[in-house]
Amino acid sequence: MERVINNELLRYLLDHHLITRKQHGFVKRKSVCTNLLECLEDWTLNLQARCVTDVIYFDFKKAFDTVCHNKLLSKLKSYGICGNLLSGIEDFLCGRSQSVRIGEVISAAVPVISGVPQGSVLGPTLFLLFINDVSDIFNDLLVRFSLFADDLKLYTFYKLDASHSDLQIAVDRLTNWARLWQLQIAVSKCSTFRIFNPQWKIAEDIVNKSYSIDGSILPFADCIRDLGIHHDCRLKYDQHISIIVHNAYKRAALILKSFHSRDPQIIKRAYCVYVRPLLEFSSQIWSPHYKYLIDKIESVQRYFTKRLFGLSKLSCHIVSD
């Protein structure tokens, strides 16, 4: 029943263009990769035009658990959801209770007064509608944003000799919006990232420029982890490749150590399930074109296959097939 309601609800929202196109989470034909590609295109063009790009990453504290039911229902009404469907969603949200079990002991039930049910089919769609109108507060500002569920990033660009931008105004508006809709920003998990060429001569006011949330200065990071991908200030991915190769080596060694069997088919399947996803995740973003980086990635598979009977002399291309 949830799936039927969710499919019809999404069809209605998408047909009427009610969900912002900047949302990439829990939306058909969109993913982490589309989110990163869209931002990377803007950042690369800015870098080529000798512009500095400032990006701010926001994190909402327990976003799915703090959704106010009454405010969510009011937003659903504004999107044209009414009648039995609205009543059904209200019954789905309200009247729930939860308890904690440790061993054989269960605590007393406590009513759930906020949040969308996680693990449900309908919950993610309801959260998308709750956060959807955040796009409206940036319409008149020279900033861009991107969403993946509750992960939000704002960014803007400016010339090397002018640091004026609307980004701090956008941060203040977002803070007020979150306060209005009872979503708390985890300031300690927010960070700022600057994309530029370190060889450029940048004006002093740009170097000293900072952004803040409620008086808390956001730190600038030299390398940022964005939806599992590590960016540096020049949009080079050497560090990201080093990180994923290191993690892949550790997992490959763990497989060889943990499996008693040395059947090539079994071990190869374990490698494809547990190691290759680490090396292939969103590779459209960071896919290397330098030979030394390609060799570094392929070295994981060479390390693994050399320890399997009958596969030690096969090329990476043959094993991958």
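Searching the whole structure turns up 0 disulfides, a disulfide being a pair of cysteine sulfur atoms within 2.5 Å. In general terms, a disulfide is a covalent bond between the sulfur atoms of two cysteines. The model is predicted, so local features need pLDDT of at least 70 and side-chain atom pairs count only at pLDDT 80 or more, while totals for chains, interfaces and linings use all residues. Residues are numbered from 1 along each chain as its sequence is written, and side-chain values use heavy atoms, with hydrogens and water left out.

C33 counts as buried, at 13% relative accessibility (buried means under 20% relative accessible area, exposed over 50%, and partly exposed in between, using a 1.4 Å probe and protein chains only).

## The chain as a whole

Let's step back to the overall picture. The chain has 13 helices and 13 strands; these are DSSP runs numbered from the N terminus, with helices (H or I) of at least four residues and strands (E) of at least two. Its C-alpha trace spans about 65 × 65 × 40 Å along the principal axes.

Of the 321 residues, 46% count as buried. Contact means heavy atoms within 4.5 Å. Among contacts between residues at least 6 apart in sequence, 72% join residues at least 24 apart.

## Helix 3 and its two partners

Helix 3 (residues 69-78) packs against helix 5 (residues 123-131) at an angle of about 80°, with their axes 9 Å apart. Axes are lines fitted to C-alpha atoms, for helices over the stretch in contact, and angles run from 0 to 180 degrees between N-to-C directions. The two helices are therefore roughly perpendicular to each other (angles under 35 degrees count as roughly parallel, over 145 as roughly antiparallel, 65 to 115 as roughly perpendicular and the rest as oblique). Helix 3 contributes K71, L72, K75 and L76 to the contact, and helix 5 contributes L126, L129 and F130. By class, this contact of helix 3 with helix 5 has 5 nonpolar, no polar and 2 charged residues. Here Ala, Val, Leu, Ile, Met, Phe, Trp, Tyr, Cys and Pro count as nonpolar, Asp, Glu, Lys and Arg as charged, and the others, Gly among them, as polar.

Now for the other partner. The axes of helix 3 and helix 4 (residues 83-93) come within 11 Å and cross at roughly 160°, which makes helix 3 roughly antiparallel to helix 4. The crossing is right-handed (right-handed if the near helix is turned clockwise from the far one by less than a right angle, left-handed if anticlockwise). On the helix 3 side are H69, L72, L73, L76 and K77, which meet L86, I89, E90 and L93 of helix 4. The contact of helix 3 with helix 4 has 6 nonpolar, 1 polar and 2 charged residues.

## Helices 8 and 9

How do helix 8 and helix 9 pack? Helix 8 (residues 238-258) and helix 9 (residues 264-274) meet at an angle of about 150°, their axes 10 Å apart, and that makes helix 8 roughly antiparallel to helix 9. Their crossing is right-handed. R251, I255 and L256 of helix 8 make the contact with I267, A270, Y271 and Y274 of helix 9. These residues divide into 6 nonpolar, no polar and 1 charged.

Is I285 buried or exposed? I285 is buried, with a relative accessible area of 8%, and it lies in helix 11 (residues 283-286). Leaving aside residues up to four places away in sequence, I285 touches C33, L36, L37, L40, I229 and Y237. The C-alpha atoms of I285 and Y237 are separated by 9.0 Å, although the two residues are 48 residues apart along the chain.

## Residues in loops

K201 lies in the loop between strand 8 (191-195) and helix 7 (204-207). K201 is exposed, with a relative accessible area of 78%.

Most residues other than glycine have a negative phi. D214, however, has a positive phi near 55°; D214 is in the loop between strand 9 (212-213) and strand 10 (216-217) and is exposed, with a relative accessible area of 59%. L227 has a positive phi of about 55° although it is not a glycine, and L227 is in the loop between strand 12 (223-226) and strand 13 (229-232).
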